[in-house]
Amino acid sequence: LPAPSYWKNERGSELFIWSANSGAIQGTFTNHAQGFACQGIPYPASGAVSPTGLYFVVTFAQCNSFTRWVGKTNGSQMPTSWTLFYVDKNGKPGKLKGADLFTRVW
Ligand code: BTN
């Protein structure tokens, strides 16, 4: 049974993975990144991990947005690239892409 792990990215956001059973990731993600909304709220994170990589998705319910991270663990580092899917005030959908480097805290 894989132990829980706790990760922080370079923007200060936190990812707590409490279970990664048989490839399924379950945890919480708390956004602390400057320039983004929905800060300081732990949202459910779910995804999958395989020998070649991992992904997880977080829905920011109050922000009408969700983000998908794709990456891989490399020791205590987890480089990822992400896509943020959002709907603006006029109801127009959009996407934003970036990269996050997560470092394992425990
Ligand atoms: C939103 O502003 O619509 C919700 C919060 C999005 C936060 C993004 S997710 C990708 C990037 N990495 C972070 O740690 N925070 C931002």
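Strand 6 and strand 7 form a hairpin with five residues between them, strands being DSSP runs of E of at least two residues, numbered from the N terminus. Glycine 75, in the turn of this hairpin, has a positive phi of about 65°. The structure is a predicted model, in which local features need pLDDT of at least 70 and side-chain atom pairs count only at pLDDT 80 or more, while totals for chains, interfaces and linings use all residues. Residues are numbered from 1 along each chain as its sequence is written. The mean pLDDT of the chain (the predictor's confidence in each residue, from 0 to 100) is 96, and 99% of its residues reach 70 or more. The model has an ipTM of 0.99 and a pTM of 0.96.

Strand 7 covers residues 77–87 and runs antiparallel to strand 6, to which seven bridges join it; pairing requires that DSSP finds at least two bridges between two strands. On its other listed pairing, strand 6 (residues 65–71) is antiparallel to strand 5 (residues 53–60), again over seven bridges. Strand 5 and strand 6 also form a hairpin, with four residues between them. Asparagine 64 lies in the loop between these two strands and has a positive phi of about 50° although it is not a glycine. With 16 C-beta neighbours inside 10 Å, asparagine 64 counts as partly exposed, a class that falls between buried (20 or more other C-beta atoms within 10 Å) and exposed (12 or fewer), with C-beta atoms placed from the backbone.

Glycine 71 belongs to strand 6. Its bridge partner in strand 7 is threonine 80, and glycine 71 is in turn the bridge partner of leucine 54. Leaving aside neighbours within four places in sequence, glycine 71 is in contact with Gly53, Leu54, Met78, Pro79, Thr80 and Ser81, contact meaning C-beta atoms, placed from the backbone, within 7 Å. Glycine 71 is partly exposed because it has 19 C-beta neighbours inside 10 Å. Glycine 23 is 48 residues from glycine 71 in sequence, and the two C-alpha atoms are 14 Å apart.

The shell around the ligand holds 17 residues, of which Ser13, Ala33, Phe36, Cys63 and Ser65 come nearest; a residue is near if its C-beta atom, placed from the backbone, lies within 6 Å. Strand 6, strand 7 and strand 8 (93–104) are the elements that give two or more residues to this shell. Strand 7 gives the most, with three residues. The shell divides into nine nonpolar, six polar and two charged residues, where Ala, Val, Leu, Ile, Met, Phe, Trp, Tyr, Cys and Pro count as nonpolar, Asp, Glu, Lys and Arg as charged, and the others, Gly among them, as polar.

Cysteine 38 lies in the loop between strand 3 and strand 4 (42–50). Cysteine 38 has a positive phi of about 50° although it is not a glycine, and is partly exposed, with 17 other C-beta atoms within 10 Å.

Conventions
Contact = placed C-beta atoms within 7 Å.
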